[in-house]
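Here is a short report on one protein chain. Please look over the sequence and the fold before reading on.

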Amino acid sequence: MNDNDSHKKGGVLIKETAKLLKSYFVESAVISGVGWRGRVRCHFSKYRSSTGWSLCKKLPEKIKEYNINKKDVKLNMSIGYAVSGHSIGQMDMLFAEADKNTYEDKKAKKEQHQIKLDR
């Protein structure tokens, strides 16, 4: 966002995304920002991993709802997630799997957008 627009607008999008995630995940997850590309990590306890999986799969619908209700700010994000029964010794693998899934989601969105443009 900041490369194409202003840092101020990018900051607004980051804040709006944080509000959406906080309201959506409530107390199910620990949400943390990681990296310079605006990546967000949601960590679920082992007792909530199935809940976390379900919530992540439904997040695109929550984003659509948000965008319908907000006229001035539109959110768009690629989502990738990974689940494990425990995180000890698994974090590098979980981050890599989530990143891979994020890029697959981003690629699918670009292809879908291209199909719409070609019509």
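Predicted model: local features only at pLDDT ≥ 70, side-chain atom pairs only at ≥ 80, totals over all residues.

Residues are numbered from 1 along each chain as its sequence is written, and side-chain values use heavy atoms, with hydrogens and water left out.

**Layout**

The chain holds three helices and two strands. Their order along the sequence is α-β-β-α-α. Helices (H or I, at least four residues) and strands (E, at least two) are DSSP runs, numbered from the N terminus.

The chain has 119 residues, and 21% of them count as buried. Buried means under 20% relative accessible area, exposed over 50%, and partly exposed in between, with a 1.4 Å probe and protein chains only. The accessible surface of the chain is about 9,100 Å². Carbon and sulfur atoms account for 54% of that surface. Such areas come from the Shrake-Rupley method with a 1.4 Å probe; for residues, only the protein chains shown count as cover.

A contact means heavy atoms within 4.5 Å. Take the contacts between residues at least 6 apart in sequence: 41% of these join residues at least 24 apart.

**A residue in helix H1**

Helix H1 spans residues 7-25 and includes Thr17. Thr17 counts as buried because its relative accessibility is 16%. Leaving out residues up to four places away in sequence, Thr17 touches Leu75 and Met77.

**Salt bridges**

Side chains of opposite charge can pair when their charged atoms come close. A salt bridge here is a side-chain nitrogen of Lys or Arg within 4 Å of a carboxyl oxygen of Asp or Glu. The structure holds six salt bridges.

Lys19 and Glu16 are three residues apart in helix H1, so about one helical turn separates them. Lys19 is exposed, at 52% relative accessible area. Glu16 is buried, at 11%. Glu16 and Lys19 also belong to a network of salt bridges with Lys70.

Lys64 and Glu61 lie three residues apart in helix H2 (residues 49-69), again about one helical turn. Lys64 is partly exposed at 49%, and Glu61 is partly exposed at 46%.

Lys109 and Asp105 sit four residues apart in helix H3 (residues 91-118), separated by about one helical turn. Lys109 is partly exposed at 29%. Asp105 is partly exposed at 22%.
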